[in-house]
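Visitor: I would like to learn how to read domains and sheets in a model like this one. Could you take me through it?

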Amino acid sequence: MAELHVELVAADRKVWSGEASRVLARTTSGDIGIMAGHQPLLGVLESGPVTIRTTGETGEGTVVAAVHGGFISFADNKLSLLAEVAELSDEVDVDRAERDLERAKSDDDEVAQKRAEVRLAAAAAAK
Amino acid sequence: MGAQVRVYKRRIRSVTATKKITKAMEMIAASRVVKAQRQVAASTPYADELTRAVTAVASGSDVQHPITTEVENPTRAAVLLITSDRGLAGGYNSNAIKAAEKLTARLQGEGKGVASYVVGRKGISYYGFRNQPIAESFSGFTDNPTYADAKAVAAPIIEALELETSEGGVDEIHIVYTEFVSMMTQNPVQKRLLPLSLDDDSSTEDEAPKEVPPLYDFEPSSEGVLDALLPRYVESRIYNALLQSAASKHAATRRAMKSATDNADDLIKSLTRLANAARQADITQEISEIVGGANALADANAGSER
């Protein structure tokens with residue numbers, strides 16, 4: 001199966017990079033799935049989980065990351081996911097995310113609530 | 001012990017104590033440089049990708065947007081100066097401030113008003129002492145800046161960019177920071193962040209002939225993408241500048257503390273010599289006093305026996 005190279009980078013570090021067969025992400029105009037050979041694309045990401053179906057030396061598998069805003073750009077069979085903040089699902093501290101969600105709900109802080117929900121969704125999707 | 005020797009001994013003790021402190025500061029700074037350098041390296045992929053995206057949109061579309069278009073008559077410019085909170089770093093802060101002053105003078109010579117944004121207590125107190133107006137100031141994180149700090153710095157500047165100049169907005173954004181070249185070399189640099197000048201970053205980032213950027217499909221639209229990219233781009237540039245400045249500051253501190261330690265060594269050496277000479281002089285004097293006394297006694301005895 002055709003592969004594409006994926007780089008998931010946050011503002012202060014490289015979160016994940018490797019080969020993948022398919023990447024699912026949420027842009028401002030809806031979910032988008034990208035496979036090898038897609039036409040060059042530059043889009044704005046919504047907060048949401050990003051699903052990467054990995055291939056190559058890491059083996060078949062799924063990597064899920066919680067991404068909070070950013071960009072997706074694809075060209076020359078190379079996909080870059082740029083996020084201000086990004087966490088892999090196994091880095092998400094579920095207890096803390098749940099606490100944050102509770103606090104955000106009681107404070108009526110929509111941004112924080114959304115962020116916590118995205119992290120929990122990513123953690124749940126990986127299981 | 002002679003009084004002179006005691007004075008020298010006391011000075012040696014105090015210089016030794018100072019040396020211990022400077023030595024410790026040198027080592028702390030050295031370890032922080034490494035950490036800061038690592039952070040700079042870690043932030044590079046994001047900055048590179050973002051720059052590539054910005055270049056792609058800017059060159060691949062004819063959208064009129066503040067990120068790419070130069071205003072015909074720029075009347076106000078924002079200057080962001082990055083200094084440190086603490087001194088003891090040689091000429092680090094004064095070099096950065098001098099570069100900012102020069103840039104400000106140049107911009108004012110071109111007939112532009114300048115809004116100063118200052119990071120770091122040293123820069124703030126410089127401007128404060130001279131009663132120069134500061135649009136916005138930030139401090140408390142220069143040693144170890146995070147992305148959130150960069151966002152906080154960028155927010156008012158981006159806001160000013162969106163305002164009309166008559167209402168206190170700006171047309172251009174300049175940034176003055178200290179570039180980390182190596183452990184021994186750090187240069188104050190000033191760059192224009194916005195409007196973007198697409199030709200000058202090719203000289204710094206890739207020497208290879210530029211490949212033609214692919215024709216991108218924009219999602220949702222090229223304006224939408226640019227609108228979203230602009231603040232991120234400014235933030236990431238400021239973040240990079242903050243990190244480089246932090247690394248430069250630690251390197252400058254390390255060098256300043258190294259020369260302080262070396263000076264203390266020299267001082268201790270020459271003081272020890274002086275103390276030894278003084279001790280020897282004391283001994284010589286004591287001996288000559290004893291000999292003189294003995295001679296006088298002998299002379300007196302010889303006189304009485306005769």
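Guide: Gladly! Domain bounds come from an automatic or database domain assignment. Keep in mind as well that this is a predicted model.

Visitor: Which domains does the assignment give for chain A?

Guide: Chain A has domain 1 (4–89) and domain 2 (93–126). Taken over C-alpha atoms, the centres of domain 1 of chain A and domain 2 of chain A are separated by 21 Å.

Visitor: How many residues of domain 1 of chain A are in contact with domain 2 of chain A?

Guide: For contact, the C-beta atoms of two residues, placed from the backbone, must lie within 7 Å. By that test, 10 residues of domain 1 of chain A meet nine residues of domain 2 of chain A. On the domain 1 side, strand 5 (48–54) and strand 6 (61–75) of chain A are the elements that give two or more residues. Strand 6 of chain A has the largest share, four residues. Sorted by class, this side of domain 1 of chain A has four nonpolar, five polar and one charged residues.

Visitor: And where do the domains of chain B lie?

Guide: In chain B, domain 1 is written in two segments, 3–22 + 259–298, and domain 2 covers 28–258. Their contact takes five residues from domain 1 of chain B and four residues from domain 2 of chain B. Helix 6 (residues 222–305) of chain B supplies four residues, the largest share of the domain 1 side. That side of domain 1 of chain B divides into one nonpolar, three polar and one charged.

Visitor: Now the sheet, please. In what order do the five strands of the open sheet in chain B come?

Guide: The order in chain B is 3-2-1-4-5, with mixed pairing. Strand 3 (136–138) and strand 5 (186–194) of chain B each have a single partner strand, so one side of each is left without a neighbour in the sheet. From one strand to the next, the twist averages 20°.

Visitor: In which sense do strand 1 and strand 4 of chain B pair?

Guide: Strand 1 (residues 76–82) and strand 4 (residues 172–180) of chain B pair in the parallel sense, over five bridges. To find your place there, look for B:Val79, which stands opposite B:His174 in strand 4 of chain B.

Visitor: Which strands of chain B does helix 3 lie across?

Guide: Helix 3 (residues 121–129) of chain B lies across strand 1, strand 2 (113–119) and strand 3 of chain B. The helix runs at about 135° to strand 2 of chain B.

Note on methods. Residues numbered from 1 in each chain as written. Chains lettered and ligands numbered in written order. Predicted model: local features only at pLDDT ≥ 70, side-chain atom pairs only at ≥ 80, totals over all residues. Nonpolar A, V, L, I, M, F, W, Y, C, P; charged D, E, K, R; others polar. Pairing = 2+ DSSP bridges. Axes fitted to C-alpha atoms, helices over the stretch in contact; angles between N-to-C directions.
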